[in-house]
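Subject: Handing over the structure

Dear colleague,

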Amino acid sequence: MRRVEHVMGFPVSVDQRDGDPAAVDRAFAWLREVDARFSPFRPDSEVSRLDRGELDRVPADLAHVLELCAHYEEATGGAFSARRPGLDPCAVVKGWAVQRAADLLVAAGATRLVVNAGGDVVAVGGPWRVGVRHPGRADRLCAVLEVADRAVATSGRYERGDHVVDARTGEPVTDLLSLTVVAPTLTEADATATAAFALGVEGIGWAAARPGCEVFAVDAEGRVHRTPGLPLAA
């Protein structure tokens, strides 16, 4: 079963080869729920209401997301921050929400599937081939990965320009073009890719030292950096 919807601001596709097709409806319903609850662009979302001091109690899911944000802020020495200056946990929410959507499909019996959220991928079973976009050429790949039961996320400047800011300085990061992380879950891969990008070139080594993470990065000079265990396709 294959299905694509635009949700949370980007296209999300599910390619599920077995399991319960009805579970795909529940996975997309979850993602729409996340968009309503966690978007900082919706004035009635939990994130917006918390930021305005209107919540008497922080819901459990939001508390978990905020804990993840705090973890990555501490781990990067403050380069990563969910304050921009208002509360914006999107860098963590995307990977966390899509990983949970994939987990819903697995819980319903799927053993072979891919969820692709704007280029960030959860792969269950496999192996699956995942292309990494060339940061300077939208019609080319600069690497092809082969993954099974892993997730792949990329942070880069090619889609939204210099949108990743080093919160320590308030300046956009310009010494990297793209940074891709392979990790056991998309929660880890996506947050690690964004946090590492906020660190600039030093983030390559930082991400590579994270447990279970492999890294592929292209710096502003066009130099390629990759960890020895990166699962490149033959």
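Predicted model: local features only at pLDDT ≥ 70, side-chain atom pairs only at ≥ 80, totals over all residues.

The whole chain

The protein has 6 helices and 12 strands, and its C-alpha atoms fill a box of roughly 45 × 45 × 30 Å when this is taken along the principal axes. Because a compact globule with 234 residues would have a radius of gyration near 17 Å, the 17 Å of this protein agrees with such a globule. Buried residues make up 48% of the 234 residues. If you look at the contacts with a separation of 6 or more, you will find that residues 24 or more positions apart account for 56% of them.

The core

The largest nonpolar core has 62 residues, and the members that touch the most others are Leu31, Trp96, Leu105 and Leu179. The most is given to this core by helix α4, residues 90–107, with 9 residues.

The largest pocket

About 1,300 Å³ of space lies in the largest pocket. Its lining is made of 45 residues, and those closest to the centre of the pocket are Phe10, Lys94, Asp120, Arg160 and His163. Several elements give two or more residues to this lining, namely α1 (22–38), α4, β3 (113–117), β4 (120–124), β5 (128–133), β7 (150–156) and α5 (186–198). The largest share comes from β5, with 6 residues. When the lining residues are divided by type, 22 are nonpolar, 12 are polar and 11 are charged.

Ser155 is placed in strand β7, and it counts as buried because its relative accessibility is 5%, which is under 20%. Leaving aside neighbours within four places in sequence, Ser155 is in contact with Val164, Ser178, Leu179, Ala193, Thr194 and Phe197.

Glu46 is in helix α2, residues 46–51. Is Glu46 buried or exposed? With a relative accessibility of 13%, Glu46 counts as buried, and, not counting residues up to four places away in sequence, it touches Arg37, Phe38, Leu55, Pro59 and Leu62.

Leu230 lies in the segment after β12 (224–226), and it is buried, with a relative accessible area of 8%. Leu230 and Leu145 are 85 residues apart in sequence, but their C-alpha atoms are 7.8 Å apart in space. Leu145 is also one of the residues that Leu230 touches, and the others, once residues up to four places away in sequence are not counted, are Val182, Glu214, Val215 and Phe216.

Pro11, which is found in strand β2, is partly exposed, with a relative accessible area of 45%. The C-alpha atoms of Pro11 and Gly119 are separated by 8.8 Å, although these residues are 108 residues apart along the chain. Leaving aside neighbours within four places in sequence, Pro11 is in contact with Glu5, His6, Asn116, Ala117 and Gly118.

Backbone details

Most residues other than glycine have a negative phi, and most peptide bonds are trans. The peptide bond from Gly126 to Pro127 is cis, with omega near 10°, and Pro127 is placed in the loop between β4 and β5. Met8, in the loop between β1 (2–7) and β2 (10–16), has a positive phi near 60°, and at 16% relative accessibility Met8 counts as buried. Asp149 has a positive phi as well, near 55°, and lies in the loop between β6 (141–147) and β7.

With best wishes

Key. Residues numbered from 1 in each chain as written. Heavy atoms only, no water. Core = buried A, V, L, I, M, F, W, Y, C linked by side-chain atoms within 4.5 Å. Buried < 20%, exposed > 50% of the residue type's maximum accessible area, 1.4 Å probe, protein only. Helix = DSSP H or I, 4+ residues; strand = E, 2+ residues; numbered from the N terminus. 1 Å grid on protein atoms, 1.4 Å probe; cavity = no way out; pocket = protein on both sides within 12 Å on 5 of 7 lines; lining within 4 Å. Points joined across faces, edges and corners; volume = space filled by probe spheres on them. Nonpolar A, V, L, I, M, F, W, Y, C, P; charged D, E, K, R; others polar. Rg over C-alpha atoms; globule rule 2.2 N^0.38 Å. Contact = heavy atoms within 4.5 Å.
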